[in-house]
Every structure is written in structure tokens, then in C-alpha cells.
Amino acid sequence: MGNVLQVLFVGIIIGALYGLVALGFGLIMGVMKFINIAQGSFIILGGFVCYWIVTLWHLDPYFSIPLTMLAMFIVGLLLYRLLFSPLLKYPKAEMRLDKSLLMTFGVVWILDNTEILFWTPNSRSVITSYGYGTVKVLGAALSYTGLIGMGLAILAAAVLHLILTRTYFGKHVRAATEDAGAASLSGVNVQRTYLISCGIAISLAGLAGTVIVTSYSVTPGGGLSWLLMAMATVVLAGAGNMNYMIPAGIILGVLQSASTLFINPAYQQPIALIIFLLIIMFRPQGLFSKR
Amino acid sequence: MAAINWKKISAVGIILLILILVPMFVNLGTGIMNQLVTLFMYILLAQSWNLLGGYTGQINLGIAAFFGCSVMVTHFTWVAGMPIIISILAGSLSTIIFAVIIGIPTLRLKGMYFAVGTLALTQALQVIMQNIFTRSISAPGEYVHSYNIVTRYYLGLGMVALVMVAIYFVRWSKLGLAFTSIRDDEQAAQVTGVNTFKYKVISLLISAFIAGLAGGLYAYFRLYFYYTSDIFGHSWTFSSIMAVIVGGSGTLLGPVLGAIFLVILGYIFSLTLGQANLIVFGFLFIIVMLFMPQGLMGGINLFRAWLLQRKKPNTLEKNPGI
């Protein structure tokens, strides 16, 4: 019984992280209709930024979050200006999607190899004084870092939800998502909306990187496996369904975690692939869509 | 199909004859022969990606999965004592299983599903192979003893020639027209009565088979490989996409040009820049995507149009479609 509870809680914690990883990916996909294959690599980059801030300036990793997010926000602005805005000249949405897929695949290549060149292919993690501390909940041992990560993920999702529903900027984002042409006719600066949402998406990758570097580790080239989880979560939630990213991530996390009771834990990614295939075979609009 | 163009056919024949005859009479040395076999492998992979990505318009980010799967199957059937041709065929056919697993569910839907599904397949296969094979794989001693680079060269050359001819005929058949119609406007193609799903799957199967041929060549060329995760590595996917994009996607000769470019550049850069050469490739890829979407073939066409314009200024004005 204790074992099952432990697996359940671990699944929820890692699932919230999957939700967080999927938020940035889903934001770019929903708003701009671009697929950012490099989202996972940006997460790894965010993890490295946090690692170096902690190592060089001896800050607490959780206090370095604003700095990491700011740095990644700037990276996001650059990404949009240099790579995504030239793609807007293609008239058809499918074409933009294909081009963005290919282009960000190139970005994955650049980021991974640059990280290997500068920081060697070793995996890094931030170890704090409380990093190994655990708290007992109903007989299941949960680490502090995991719990903080879960809290941050839920907080980020809530803040993003509030921004999208309660602010003027959020209104612009939703208008641009629905119909960019009509939004632009009614006075929304679509380019600027895209620019800032791209920045937010990449800064969410910075937050996810911080959570990953504190509770797991980052490896150059490990980005694609996080991307795979993000994409499985997005498919589970239904594309563009930002509010359900965290629940969908938790479902995925619990399923994966439960599978470790029966098979080798190394096979997590094949399981994510199987879930992805099952969902698109039987319910391609996602679990939570009302359509 | 247009009338038979004797000029083109004789040019192709001369190039083929040179490629066949030169290694017979001149000893090029192992280094150059190795580069040439690698070049053939890249051409096969690039043609495979181009058939699906350039002609049919479906982005495949998991060619490494097909390639690696074929390498494994070819290697083990060959080591088990089968002749190499049959092993390569077995390896190529084995890729079709994965193509069906990933293609049937994802190609029904539009958008990112196929691209991301193939990427996920590569990741999943990497993990599975890493857990099954923890040590490097190598062929037994007698295979190493009878190793001869020249047979690899001719096998590779034959495969490339066959694949190019096959793609040329597919391109100008009803099948090829269906492929390009899906690329240009899937909805319109469907309305006109093209069963887009069927043709996308056919394109994927042919493409996977060609990637499997490249894998077979690799298994025949390299008798041992260090980590099984290497043959499933994303670098194979990236190189083949890069060769197609740089050469010009949706053309027959583009992937060949791109692959030649890639191998020469890789040779130069890895000598001068070391580890950083991969980053240079990444930047080059993005720059070509942004500023030269037609690739080298597009550049050649522009140059030709410019020459034509210089020679006969009137023809272009009458026919602005060139």
C-alpha cells in the first residue's frame, strides 16, 4: 500500500513538472501556430543558466529564478526576432508550421552542440543543503525540491491563466490566437503580442529548467526527451487547451510512475510514445476537449 | 513525360561511367574511398527524406529510427550467415514495420503529429537499444579478415543509381503527381479525389525502405559500432535534412548536391574546427532556411535564368514564368 502511495505521489510531482514543461510549448503552439522543437533544449539551457548563477554567485537556486527567467525572456525575444518573425511571410499556416519545425530542429542542434563544447557532455545538478531532505506524507517520502517544483509549476500555470484571462495583454493574445488578421484589423499589435508571448514561453522554459536542475539534472542533448514529454502532455490536454496542461501532465506522470511497478523504469520514454500514439488514435482532440 | 533528353542521359551516363571505372584502374586510397561510401550513405538518406519531405510535404524528424533499425537487422542477419544482399533487403523491410506503426496513426492527422511522432520513435528506440545492448557490437573475425572497401563502394554506387532512377520514375508517374499535389495543397487534393492518407503512407513506406538501404550499407561498411545509441542518434536525421535543404528540396539532384556539399564541408571543418564544426552546420542550416529556401538548386536555376536573360533578352519578357 505504501509503495502504491509513494508511486502515486511521485507521479503527481513529476506530472506537474511535465505540465510546466508543456506550458511553454503549448503557448507557442497555440498562439503562433509554430512548433518549437527546441523547447526542451531551451529548458536545458535554462537549467544551465541557473546552475551557473548558483555556482558563480552562490545564490539560492530558488532566489535565482527571476534572473533565470529574465535571461530566458531575452533569449525568447531574440528567438522570435531572428527566426520566427521571418516565417510570418509564408501565407499558409501549414507551411509556417513545417518551416518552424525544421528551423527549431536546427536550433536544437546548435544549442546541444554549443553546450557540449562549452560545458562538456557531463550532467550537472544543483545540490542545496535541503536538497536531500524529505517529508513524510501518509508514509510516502517526498523530497522538498520535488514539492517546491510542483508548487512552482502550479503557480506558473495559475499566473499564466490569470494573465491570459484578466489582463489587456491576455485579451490581445487570445484575439491573435483566434484570428490574427481580424485582431490586427481591430487594432491589436499582433507582432508585439507574438513577441511577448514567445518571450513568456521561453522564460517558462527557464523556470522548468530551474526545477529540473534542482530536483534532477541537466545534460546537454537531454532536451529532446523533455520535449517528448511536453508533446505527449499537449496531445493529452488537447492542442491549445492551456488550462488543462497541469492535469494532463499529472495523468501522464501517474501513468508513467505506475508503470515502474511492473517494468524497468528505464522505459519511460517508450511509454510516453505509446500513450501519445493511443491518444492520437482514439481521441486526437485530447482528453479534455468538449468537441 | 517530356521527350527523351539525350543530352541529360549522356551526361548521367558519363558521370556513372567515371564513377564505375576510376576505382578499377586507379587506387584512390582508403581515406577517399571511405569518404565516397559515406557520401553514398548520405545521398541515400537525403533522397529518402526528400521523397517524403520534399515531394510529399511531410516532415520526418525520425529518419535515424529507420536507419538504425535497418543497421541492426542487417548486421545480425549478415553475421548469422546470410548473403549481404538478402540481409540488406531484410533490414530495409524491417524499417517498414516501424513506418507502419508510426505512420498509420499520425498521418491521418494534419500538423505536427507525424513530425513529433517520428521524433518520439527515435527517442524511444534509443532508450530501448541502450538498455538491450550495453556494449559495442562487432562482427566476428573472418568478416574483418575478408573486408574490402571496393565492394562497399560498388554496392553503394549501385544502390544510389537504382534509387535515383526509381525516384525519377516515381516523380513523373501518377504516384508522384499525387505526392506533389498533397504537398502543394492537401485540402484541394482531397477535394479532387486524391486519397491523401493512402498516398502519404505509400510515400512513407518507400522513404523508409530507402533509409533502410542506407542502413544496410552502413552495416556492411562498418563492421563494428561503438554505442548502439550512435546509430539511432539524431545526427543522422539532421544530416539528411540538412543535405536536402541545402541542396534544394523537391528536386532530384538537390539532395545529391547537398550531400556532396555536406561531406566536403564536414571533412574541411572537422579538420580545422574540431568539435565546433557541428555548430557551424547548425548555423548554416538556419541561414539557408531563412535566406535561400530553394537551396543550391534554386541558386543554379537563378543563374541559368540570368544567363538566358543575358543571351536573349526578349525571351524572358514573353515568358515571365521562368
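View 1. Helices here are DSSP runs of H or I with at least four residues, strands are E runs with at least two, and both are numbered from the N terminus. This is a predicted model, where local features need pLDDT of at least 70 and side-chain atom pairs count only at 80 or more, while totals for chains, interfaces and linings use all residues. Residues count from 1 along each chain as its sequence is written, and chains are lettered from A in the order written.

**View 2. Chain B on its own.** Chain B has 16 helices and two strands. Its radius of gyration is 20 Å, close to the 20 Å that the globule rule gives for 322 residues, so chain B is as compact as a globular protein of that length (taken over C-alpha atoms; the rule is 2.2 Å times the number of residues to the power 0.38). Its C-alpha trace spans about 70 × 50 × 40 Å along the principal axes.

**View 3. Where chain B touches chain A.** Chain B puts 34 residues into the contact and chain A puts in 32, with contact meaning C-beta atoms, placed from the backbone, within 7 Å. On the chain B side, α4 (84–107), α5 (113–132), α12 (234–247) and α14 (277–291) each supply at least two residues. Of these, α5(B) gives the most, with 12.

Notes: Contact = placed C-beta atoms within 7 Å.
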